[in-house]
Amino acid sequence: TVTDYLGGKPLESASVFIAGTTYGANTRPDGSFTLNFTPSGSSQLVIAHLGYQTYTKNANEIPMGQPLIVELQIKPQLLSAVSVVGYDTNRKENMAEFIFAFLGESEFGKKCTLLNPNVLHLQRRRIPHKLTEYELIATADSDLIIENKLLGYTIRYNLESFTGTTYGTTFKGYPLFFDNLS
């Protein structure tokens, strides 16, 4: 069962999955879920809900056949100065840079399509103490949906962080795979 840490209220529609596999479920209105999976190796259980911190735990540490109760904590939002922009004039360039850095330049990466780019927020900002260098920061309102027709799968990717610079790219998140062929 997945609940809110502060009030204990059940959280409906939380994503519950084993990272890097096709095993996943969403919580029901009462916060409950069923996930049939036998852990192996270092399998990570991931529970994510919009507005809450993502919960991860080594699946081998969870007692099998017993109810699991997880209380999700609200994700703190850092607010900075607000500016209203009617149109992001660099959106196309920033999106192309994000796609290249995130999906890569291999033949497999080139065959991937980000199906919901509208959930991404891209911000280019100056790197402190570097006068001419910038970084691209990406955040997402919900999971990224990535389709790879060449390999026959779709990925739902819970993006935790993304930073790209001229020196390299770092990102963290949790993938859930869906087989398009079945």
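Mentor: We will go from the overall picture to the strands, the cores and a few single residues.

Mentor: This is a predicted model, where local features need pLDDT of at least 70, side-chain atom pairs count only at pLDDT 80 or more, and totals for chains, interfaces and linings use all residues. Residues are numbered from 1 along each chain as its sequence is written, and side-chain values use heavy atoms, with hydrogens and water left out.

Trainee: What is the average pLDDT of the protein?

Mentor: The protein averages a pLDDT of 86, and 92% of the residues score at least 70. pLDDT is the predictor's confidence in each residue, from 0 to 100. Where it is low, the predicted coordinates should not be read in detail.

Trainee: Let's do sheets. What is the strand order in the open sheet of 4 strands?

Mentor: The order is E3-E2-E4-E5, with antiparallel pairing. Two strands pair if DSSP finds at least two bridges between them. E3 and strand E5 (55-58) stand at the edges with a single partner strand each, so one side of each has no neighbour in the sheet.

Trainee: How many bridges join E2 to E3?

Mentor: 3 bridges join E2 to strand E3 (residues 24-26), and Ser15 of E2 has Asn26 as its bridge partner in E3. The two strands form a hairpin with 5 residues between them, and Gly20 in the turn has a positive phi of about 80°.

Trainee: How many bridges join E2 to E4?

Mentor: 4 bridges join E2 to strand E4 (residues 44-48), and these strands run antiparallel. Phe17 has Val46 as its bridge partner in E4. Val46 in turn has Thr56 as its bridge partner in E5, and E4 and E5 pair over 4 bridges.

Trainee: Which way do the side chains of E2 point?

Mentor: In E2 (residues 15-18), Ser15 and Phe17 point one way, Val16 and Ile18 the other way, and all are buried.

Trainee: New topic. How many residues has the largest nonpolar core?

Mentor: It has 17 residues, and those with the most contacts inside it are Phe98, Phe102, Leu120, Leu144, Ile146 and Leu159. A nonpolar core is a set of buried Ala, Val, Leu, Ile, Met, Phe, Trp, Tyr and Cys residues joined through side-chain atoms within 4.5 Å. Elements that each supply at least two residues of this core include helix H1 (91-103), strand E8 (120-126) and strand E11 (153-165). Apart from it lies another core, of 14 residues, among them Ile47, Ala59, Ile62 and Val70.

Trainee: What does Phe98 touch?

Mentor: Not counting residues up to four places away in sequence, Phe98 touches Leu103, Leu114, Leu120, Leu122, Leu136, Ala138, Leu144 and Phe162. Contact here means heavy atoms within 4.5 Å.

Trainee: And Thr21, where is that?

Mentor: Thr21 is in the loop between E2 and E3. Its relative accessibility is 18%, so Thr21 counts as buried. Outside the four places either way in sequence, Thr21 touches Pro175, Leu176 and Phe177. The C-alpha atoms of Thr21 and Phe178 are separated by 8.2 Å, although the two residues are 157 residues apart along the chain.

Trainee: Last one: is Glu135 buried or exposed?

Mentor: Glu135 has 14% relative accessibility, so it counts as buried. Glu135 belongs to strand E9. Leaving aside neighbours within four places in sequence, its contacts are Gln123, Arg124, Arg125, Ile127, Thr163, Gly164 and Thr165.

Technical notes
Buried means under 20% relative accessible area, exposed over 50%, partly exposed in between (1.4 Å probe, protein chains only).
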